[in-house]
Amino acid sequence: MRSDRVVIITGGSRGIGAATAKLLASANYHVCVNFLSDDAAANSVVSTLTAAGSTAIAVQADVSTESDVVRLFKTVDEQLGTVTALVNNVGIVRPQMRVEDMDANRINEIFKTNVTSAFLCCREAVKRMSTMHGGQGGSIVNVSSAASRIGAAGEYVDYAASKGAIDTLTRGLSLEVAGEGIRVNCVRPGFIYTDMHADGGEPGRVDRLADSIPMKRGGEPIEVANSIMWLLSDEASYITGTFVEAAGGR
Ligand code: NAP
């Protein structure tokens, strides 16, 4: 059965993406859970959704690669219908270090995965959503980070700068397509309990920093997912080019 709400969530197999997939499925979206390599995690999210009566598929695609992004959107066209919502959620960090120790490979990998991916997914979404191309409109939420404001000094300035680019993409694209039925907004999470911190070399990072957060605790993925769902929804119908800080006051 086709739905009038079809969402692609990049990196939907764990953390914030998986929480968002579950929330949107419960709101009757048909959900595409994109992932890079962990089939078991992605299939487990999809099984949970389908067991609850939702329509969901898992699609492996490296969203930093153009041909994979094209295949991802085509698969969704064929299996779920035309995308109406996109959550650009993929984001990676690499081990904490100072800028003076970073090499070009690392910096390029961060920008390709965190920024090029979002541009490519926005491109494919706009081609399908824009009323200028005969589409019905749609909504895009980019997942940035409080790091874009704060800079992540001594940890990963490359990651923070990539999120600065996501903020600018949000603002620029929102203006480009505002008259074509597409809203583009952004959520900037703070320290959230997910596996991403282990990839940065410090699994316990959120607990270490909890005391520095005005609300004195890390956030849960569902607390970010709630903001994403609201921005995608018709309740935010007059909101575009804006930013929700989900960072406990940071
Ligand atoms: P996470 O738990 O590390 O999950 C990352 C997801 O992205 C996984 O589903 C992973 O799939 C997928 N992925 C990674 N590279 C990919 C690629 N090239 N193509 C497709 N999928 C890819 O992440 P998270 O902590 O939930 O973060 C989600 C977003 O929130 C990111 O943009 C992050 O920067 C942002 N954020 C997080 C925090 C935080 O404290 N956690 C704070 C601020 C902002 P596989 O498992 O298959 O590799």
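Predicted model: local features only at pLDDT ≥ 70, side-chain atom pairs only at ≥ 80, totals over all residues.
# Pockets, a cavity and a ligand

The second largest pocket has a volume of about 440 Å³.

Student: Which residues lie nearest the centre of the second largest pocket?

Tutor: Good place to start! The lining of this second largest pocket is made up of 19 residues. The ones that lie nearest its centre are R5, Y29, L232, S233 and D234.

Student: Which element gives the largest share of the lining of the second largest pocket?

Tutor: Two elements, β5 and α9 (221-232), each supply at least two residues there. The largest share is 3 residues, and it comes from α9.

Student: How many residues in the lining of the second largest pocket are charged?

Tutor: Let's sort the lining by class. There are 6 nonpolar and 8 polar residues. The charged residues number 5.

Student: Now for the largest pocket: what is its volume, and which residues are the closest to its centre?

Tutor: The largest pocket has a volume of about 980 Å³. It is lined by 44 residues, and the closest to its centre are N89, V90, G91, I92 and M196.

Student: Which elements give two or more residues to the lining of the largest pocket?

Tutor: By class, this lining divides into 18 nonpolar, 14 polar and 12 charged residues. The elements that give two or more of them are α1, β2, α4, α5 (147-150), α6, α7 and α8 (205-209).

Student: Where does the ligand sit?

Tutor: Think of the spaces we have just visited. The ligand's place is in the largest pocket.

Student: Which elements give two or more residues to the shell around the ligand?

Tutor: In total, 32 residues surround the ligand, and the closest are S13, S37, Y159, G190 and T194. The shell has 13 nonpolar, 14 polar and 5 charged residues. Two or more residues come from each of α1 (15-26), β2 (30-35), α6 (157-177) and α7 (196-199).

Student: How much of the ligand's exposed area does the protein bury?

Tutor: Start with the ligand taken alone, which exposes 910 Å². Of that area, the protein buries 96%.

Student: How many cavities of 30 Å³ or more does the structure hold?

Tutor: A cavity is a space where the probe fits but cannot get out. The largest cavity has a volume of about 40 Å³. The number of cavities of 30 Å³ or more is 1.

Student: Which element gives the largest share of the lining of the largest cavity?

Tutor: The lining residues are T10, N88, N89, V90, N114, S117, A118, N142, V143 and I166. Two or more of them come from each of α4 (104-129) and β5 (138-143). The largest share, 3 residues, comes from α4.

Student: How many charged residues are in the lining of the largest cavity?

Tutor: Sorting by class, we find 4 nonpolar and 6 polar residues. As for charged residues, there are none.

Definitions and conventions. Residues numbered from 1 in each chain as written. Heavy atoms only, no water. Near = heavy atom within 4 Å. Areas by Shrake-Rupley, 256 points an atom, 1.4 Å probe, with all protein chains shown as cover. 1 Å grid on protein atoms, 1.4 Å probe; cavity = no way out; pocket = protein on both sides within 12 Å on 5 of 7 lines; lining within 4 Å. Sits in = over half its atoms within 2 Å of the grid points. Helix = DSSP H or I, 4+ residues; strand = E, 2+ residues; numbered from the N terminus. Nonpolar A, V, L, I, M, F, W, Y, C, P; charged D, E, K, R; others polar. Points joined across faces, edges and corners; volume = space filled by probe spheres on them.
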